[in-house]
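Me: Could you take me through this structure? I would like to begin with its overall layout and then ask about particulars.

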Amino acid sequence: MKTRAAVAFEAKKPLEIVELDLEGPKAGEVLVEIMATGICHTDAYTLDGLDSEGLFPSVLGHEGAGIVREVGAGVTSVKPGDHVIPLYTPECRQCKSCLSGKTNLCTAIRATQGKGLMPDGTSRFSYKGQTIYHYMGCSTFSNFTVLPEIAVAKIRTDAPFDKACYVGCGVTTGVGAVTNTAKVQVGDNVVVFGLGGIGLNVLQGARMAGADKIIGVDINDSKKEWGEKFGMTHFVNPKNTKDVVAHIVELTDGGADYSFDCTGNTDVMRQALECCHRGWGTSIIIGVAEAGKEISTRPFQLVTGRNWRGTAFGGAKGRTDVPKIVDWYMNGKIQIDPMITHVMKLDKINDAFDLMHSGESIRSVVVY
Ligand code: NAD
Ligand code: AHE
Ligand code: ZN
């Protein structure tokens, strides 16, 4: 079949809207009509050539929601008509990682996913006979995409696609980092570096967990008002703060119980660790750093009890947790609507990247 898609032909070049050829689902795969997709900073980072796994030409996008239109042989957990969210972190429930109960990082298809291919080692997308790669196993910047059955979460049919798509990455990553990874407790002090599409969700997760001080840090002053909407109690702009770490340590009477990096900047990651409380404070890295970047600190920071951890997809097990997070949204436990600042059609998708880079948007969503 044919599908309209925004293709990343080259790094650092705008996406091009073209009609691609798409092969139907093979055994264990499903064809999904994507109804809406968010644009996450990770898409921009890959398009900018900063991802060591980045491949071109490819169909980016990993924050979608849609409807199953066809299933391949052997598919039993979803059927045509089901509403689903594609999962860049699948959940096979059979691999060593899934069975460990210790991680959400299913390994069943990670090797081929990182090569931009389906589990059988081939791509379903092509353009004028040339292979076009999948991205993060999702490729939601295409109106139709093919996904492994283990990489779709079935969701309720009354959830609006243009909001539910955000659960495919940003909402789950931010809220899950607080509830699954950090397991923030009532009364904890929390610091969030970077108040964008992920950081604001960390804030709302911290408020939901009953955190005491919720400190937001961002170099963009307009994020103060945004943070306050989602539970932030104090705002720090590093541009007009002499020593960010010392200031946070003072604000929190010795340091944060938990800090979260949502910037991808390795210097910020160091500050996030060092503003944690001696003896127990834990810093969680969410931000994705540019290829080649490394983190550093004095080992003494860890010797004296600070902990450095990371999280992917908020520690969520996709097929199990994503439907519950959609329920949280539908029941009013978490907010999504105010964070979706821009909605556009596919032919305007490059505007979403400009809005993100200029700091004007929180989340842009493309509706097909
Ligand atoms: P975004 O562009 O919406 O937000 C980034 C925010 O960080 C902006 O508000 C920006 O002003 C702020 N910022 C930039 N530099 C800063 C600095 N030096 N100090 C303080 N604030 C600074 O991006 P996003 O979509 O929220 O994504 C944030 C990061 O999380 C990205 O690196 C993205 O790749 C990553 N991410 C990781 C996961 C995961 O599973 N680990 C999931 C989604 C996104
Ligand atoms: N491919 C990169 C790393 C990119 C990365 O860390 N991706 C996160 C999700 S970001 C979503 O917006 C992730 O899930 N990582 C776990 C995984 O298995 O990819 C690199 O550095 O090679
Ligand atoms: Zn993302």
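**Domains, ligand shell and core**

Reply: The centres of domain 1 and domain 2, taken over C-alpha atoms, are separated by 28 Å. This is a predicted model, in which local features need pLDDT of at least 70 and side-chain atom pairs count only at pLDDT 80 or more, while totals for chains, interfaces and linings use all residues. Residues are numbered from 1 along each chain as its sequence is written, and chains are lettered from A and ligands numbered from 1 in the order in which they are written.

Me: Which residues make up domain 1 and domain 2?

Reply: Domain 1 comprises 2-168 + 336-367, and domain 2 comprises 174-312. These bounds come from an automatic or database domain assignment.

Me: How many residues of domain 1 are in contact with domain 2?

Reply: 14 residues of domain 1 are in contact with eleven residues of domain 2; contact requires C-beta atoms, placed from the backbone, within 7 Å. On the domain 1 side, helix 1 (residues 41-47) provides the largest share, three residues. Helices (H or I, at least four residues) and strands (E, at least two) are DSSP runs, numbered from the N terminus.

Me: Now the ligand. Which residues are closest to ligand 1?

Reply: The closest are His41, Gly194, Gly196, Ile198 and Gly264, out of 32 residues that surround ligand 1. A residue counts as near if its C-beta atom, placed from the backbone, lies within 6 Å of the molecule.

Me: Where does the shell around ligand 1 draw its residues from?

Reply: Each of domain 1 and domain 2 supplies at least three residues of that shell. Helix 1 contributes the largest share, three residues.

Me: And the largest nonpolar core: which residues have the most contacts inside it?

Reply: Val191, Val192 and Phe260 do, in a core of 105 residues. Such a core is a set of buried Ala, Val, Leu, Ile, Met, Phe, Trp, Tyr and Cys residues joined through C-beta atoms within 7 Å. Strand 3 (residues 29-39) gives the most to this core, with seven residues. Domain 1 and domain 2 both give residues to the core, so it lies between them.

Me: What does Val191 touch?

Reply: Leaving out residues up to four places away in sequence, Val191 touches Ile215, Val217, Ile248, Ala256, Ser259, Ala272 and Cys275.

Me: One more: is Asp321 buried or exposed?

Reply: Asp321 is buried, because 22 other C-beta atoms lie within 10 Å; the cut-off for buried is 20 or more, with exposed at 12 or fewer and partly exposed in between, using C-beta atoms placed from the backbone. Asp321 belongs to helix 11 (residues 318-330).

Terms used
Contact = placed C-beta atoms within 7 Å.
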